[in-house]
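Open the viewer and get ready to select a few things in turn. Each stop below says what to pick and what is there.

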Protein chains: 2
Amino acid sequence: MVCGLTDETGRTLRMAKVATEAQRGSEDVIERLGKAVNGLIAEASVTPEAVGIGIPGFVDHVNGVSVLAVNLGWKNVPITSELSKHLGGLPVYLNHDVRMYVYGEAVAGAGQGYKHVFGLTVGTGLAAAMVNEGRLYYGSGGRAGEFGHIPVPGLEYHCNCGMVGCLETAVSATGIARQAREAVQRGESTILAERFAGDNLQQLTAADVSRAYDEGDPAAIAVMERTGTLLGRGLAAAIPLFSPEAIVIGGGGSLAGERLFAPMRKEIERSTLSFYLDDLVIKPAERIEDAGIVGSALYAKQRLNGTDMV
Amino acid sequence: MVCGLTDETGRTLRMAKVATEAQRGSEDVIERLGKAVNGLIAEASVTPEAVGIGIPGFVDHVNGVSVLAVNLGWKNVPITSELSKHLGGLPVYLNHDVRMYVYGEAVAGAGQGYKHVFGLTVGTGLAAAMVNEGRLYYGSGGRAGEFGHIPVPGLEYHCNCGMVGCLETAVSATGIARQAREAVQRGESTILAERFAGDNLQQLTAADVSRAYDEGDPAAIAVMERTGTLLGRGLAAAIPLFSPEAIVIGGGGSLAGERLFAPMRKEIERSTLSFYLDDLVIKPAERIEDAGIVGSALYAKQRLNGTDMV
């Protein structure tokens, strides 16, 4: 868990990290989160006006409830009211973590100055959020943005969600590692086979694929090309639907950078009507460390001022 | 061109049709449109407060300009100011035709009562528009909703837009007819081959395919199944991105009804996360005749009242 204190313009003043240790239960997690926030407040000798949080899973942002967070093992946790108790009654506002990350980038990062931002995070999975006319887009049940679960014909990987061929099974840090492992298992000639022999194969990560790519390894290059092309194909569906002004790409998997972005751009140019591309900006995220913090803080500010349509 | 007079609740009181005859030029078209509207006003002995118009192509709805309407041969036509001159200075507001159709359905048709509506028209082409939290979604340049130009891997038809494999090359009235014609040309055993022999093949329409389908023609059934499945696949991409509460399907091609909707639903159920489907409503449009009129009229009312974010 990453916490931060920001000023009202979205400048991060302090940050702190706390291990989640989800297995200790939501009460324990929230209590430690409260301690970390109180620590930041004490160090800075300021009293914040509100607290914003972003968490994964299904979120009832209106009532501040974590409806379902599979990885945390949470179901219907009233996180805002619980956390507020540890913070002397400070108002707390909750939203989805990717939405907060993208909001941070849209308002104070790579998407600054654009009215229509489509932001995505390439991490363990693949998710997106949209800011339209400066406002967060929620859709029914706040479930908009599951970019990672667009079906890709021809992709045969089983997804954690229960379906087959979801975009994130290939386009994610996990997906990059999986494809490289398969190349090794197929017996392709790759330096990854030497580096991750036998049981070590499970240790292979997306960062290792990037490293092999830079050394000219054909299998690693093929994995990045395929992943970037699939990402481009997904965006070629999202662009005509949303008509974003800017696409911002963040998350750990995006650290692959041009290895991924070059084939992605090529596929977008091939598969998207040119009048979308003339003034479309595609940029890496700029606030890798604190986009989620800034987004959560500015969201809390909006809720406090009653200017966010929830 | 279809014109109508509505009351402020979106009830259509009168309608009139005028041939477009685009080749006579925009001034002539607008003049005849003005005459038709004045005719409706005279018949009803009322003075409307405003006029709304929906037209195809790229529309600058803020300034009321038809930026580009390829089928009409229009470029930068200031349609609202020109039409207003013929209507004694009545305020005129312009928007995109599909957006007005979907807005009419969302506010006073099949989408009534839903906050998040994804509406599409299956016609000569395939287009969509979204209403989110009761407001029209525009995206950058007002270009959101080009559902028909999502690329479909494996689809090889050349699209009018210059790309290959756009969804609308198969999923449209034109696309249904094209696929049936190809079946005939491939020499498949179909009653359509007898009915549309030789040069008559170009006369084959989507309605003919529906008729052959009802007679149990295997080729016609295969075309509808494929088209419905592709439509479902496109929606399986749109649903996780937008999370609509209701999907409303209209346009001439949608008259194929269950022939198209049954395989579409099957594909959506196969390719969409179940938590989207639990409370998702998919309905045919209800105001086939006047959805565009009602949408345009209610949009004009909103603009007049300053309640539409343009």
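This tour goes from the chains to the cysteines and then to one threonine.

**Stop 1: the two chains.** Keep in mind that this is a predicted model.

**Stop 2: the cysteines.** How many disulfides are there over all chains? The count is zero. A disulfide is a covalent bond between two cysteine sulfur atoms. Select A:Cys166, which is in no disulfide. Its nearest cysteine sulfur belongs to A:Cys161, 3.7 Å away. A:Cys166 is buried, at 1% relative accessible area.

Now go to chain B and select B:Cys159. The closest cysteine sulfur is in B:Cys161. The two sulfurs are 3.7 Å apart, too far for a bond, because a disulfide needs them within 2.5 Å. B:Cys159 is buried too, with 9% relative accessibility.

**Stop 3: a threonine in a loop.** Select A:Thr272. Find it in the loop between helix H8 (258-271) and helix H9 (274-277) of chain A. Is A:Thr272 buried or exposed? It is buried, with a relative accessible area of 4%. Next, show its side chain. This side chain reaches the backbone oxygen of A:Ile268 at 2.7 Å.

Finally, show what surrounds A:Thr272. Leaving out residues up to four places away in sequence, A:Thr272 touches A:Ala236, A:Ile239 and A:Leu277, plus B:Met163 from chain B.

Terms used: Residues numbered from 1 in each chain as written. Chains lettered and ligands numbered in written order. Predicted model: local features only at pLDDT ≥ 70, side-chain atom pairs only at ≥ 80, totals over all residues. Heavy atoms only, no water. Buried < 20%, exposed > 50% of the residue type's maximum accessible area, 1.4 Å probe, protein only. Helix = DSSP H or I, 4+ residues; strand = E, 2+ residues; numbered from the N terminus. Polar contact = N/O pair within 3.5 Å; in protein donor to acceptor, adjacent residues only side chain to side chain. Contact = heavy atoms within 4.5 Å.
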